[in-house]
Amino acid sequence: MRFTTPPRPVDPVALVPQLASLARTATRLHPRPGAPGVRDSSVGGPLLWPADEAWPHCEGPHDKKAADGTPRSLDDVRVLRRDLAASAERRLRGQREPVPTPGERETAKRTGQGRPWSDGPIAMLPVAQLYVRDVPLPARPAGADLLQVLWCPYGHGVSEPRTALFWRSSATVTDALDVPPEPAVIEGNGYLPRPCLLTPEQVTEYPSPMELSEELREQVEEESRWEAAGAEWDDGESEDPHEFYFRNLSTAPGWKAGGWTCWSLTDPEPRDCPACGTPEIPLLTIASSEWDTGSESWRPEEDRADPFVHLPGAPEKPTLVDIRGGYTLQLHVCPASPDHPHLQIME
């Protein structure tokens, strides 16, 4: 299935011609629940991991006192999600069964008590696997055609999830690991990505308003310029042209590769490579949702008639990832040497 981002409500270049030189291509991943294999690009799917290579573990430190959620086993999370999906479907079908059923209430009560924290190194969880044949990546080591992203879903307090990147040549993996280790518990349900297949789509992005020069920012904010272009900025959600540009014309929401950094909570900050000082560039955005009420214009055409919209696991939240209550985690990589340490930004 294809997913098609609607045309932007306003052509940014028609509004401010100087933006043309700042256009970048981003690849929206459009993850949707499925059953990916190790040879597929995926979110939360199995990795093409060499059987003779050690699985990555996080050595910590793990701050259990500052945990963001109730520690549960992966099986607990999967059962809760199954029950939640069944309850949502009953509600959609208009059935008279109790929502939730007594069995579902019992499961929620049992899992709500949580599990004991475990000590020692924590097995990391697969987050994404991207083959360059499917997803053009802005930078990669020579000979690599596969990017694998994992994270530690455990006790890092208020800081973002700790991630690890692995680049490899898929042709060199002839014997893949069948059953990777899993952590005994995870900090919160939202740190277990639901397995999703990808339907990548390339879109054009422009800088966040905070990364524009003062001159360009002033031009974007001129209401007379919008009127001259015959463009409307008052969509009921935006308070001014600046906000409309930010929500609808600059950076796409959701999971994506490349493009521009989305600054929403903090002012732009240096992203220099800690190894060589080269400014790092956006590699992958891990998102808690594909869109929200403020970015509805980015919602794919194919999702607009979906009856499951706004139900658990609906198109706007296909991966069931939740980063600290709805944030994004943006991974940046060094273009001079992509195997240098990467940087993370949570916005």
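This is a predicted model: local features need pLDDT of at least 70, side-chain atom pairs count only at pLDDT 80 or more; totals for chains, interfaces and linings use all residues.
Q: Which residues have the most contacts inside the largest nonpolar core?
A: Trp151, Trp255, Leu284 and Ile286 do, in a core of 33 residues.

Q: Which elements give two or more residues to this core?
A: Helix H2 (74-93) does, along with strands S6 (125-131), S7 (146-152), S8 (162-168), S12 (281-287) and S13 (328-333).

Q: And what is leucine 284 in contact with, leaving aside its neighbours within four places in sequence?
A: Its contacts are Leu29, Ala128, Leu130, Val149, Lys256, Ala257, Leu329, Gln330 and Leu331.

Q: What does the second, separate core include?
A: That core has 14 residues, and Leu15, Val16, Leu216 and Phe244 are among them.

Q: Switching to H3, which of its residues are buried?
A: In helix H3 (residues 102-112), Glu104, Thr107 and Thr111 are buried. They span an arc of only 60° around the axis, so they sit on the same side of H3.

Q: What do they pack against?
A: The buried residues of H3 pack against H2. On the face turned away from that buried side, H3 carries the exposed residues Pro102 and Lys109.

Q: Last topic: are H4 and H6 roughly parallel or roughly perpendicular?
A: The axes of helix H4 (residues 214-221) and helix H6 (residues 241-250) cross at roughly 100° and come within 7 Å. The two helices are therefore roughly perpendicular to each other.

Q: Which residues make the contact?
A: H4 uses Arg217, Val220 and Glu221, while H6 uses Pro241, His242 and Tyr245. Three of the contact residues are nonpolar, one is polar and two are charged.

Key:
Residues are numbered from 1 along each chain as its sequence is written. Side-chain values use heavy atoms; hydrogens and water are left out. A nonpolar core is a set of buried Ala, Val, Leu, Ile, Met, Phe, Trp, Tyr and Cys residues joined through side-chain atoms within 4.5 Å. Buried means under 20% relative accessible area, exposed over 50%, partly exposed in between (1.4 Å probe, protein chains only). Helices (H or I, at least four residues) and strands (E, at least two) are DSSP runs, numbered from the N terminus. Contact means heavy atoms within 4.5 Å. The arc is that of the directions from the helix axis to the C-beta atoms. Axes are lines fitted to C-alpha atoms, for helices over the stretch in contact, and angles run from 0 to 180 degrees between N-to-C directions. Angles under 35 degrees count as roughly parallel, over 145 as roughly antiparallel, 65 to 115 as roughly perpendicular and the rest as oblique. Ala, Val, Leu, Ile, Met, Phe, Trp, Tyr, Cys and Pro count as nonpolar, Asp, Glu, Lys and Arg as charged, and the others, Gly among them, as polar.
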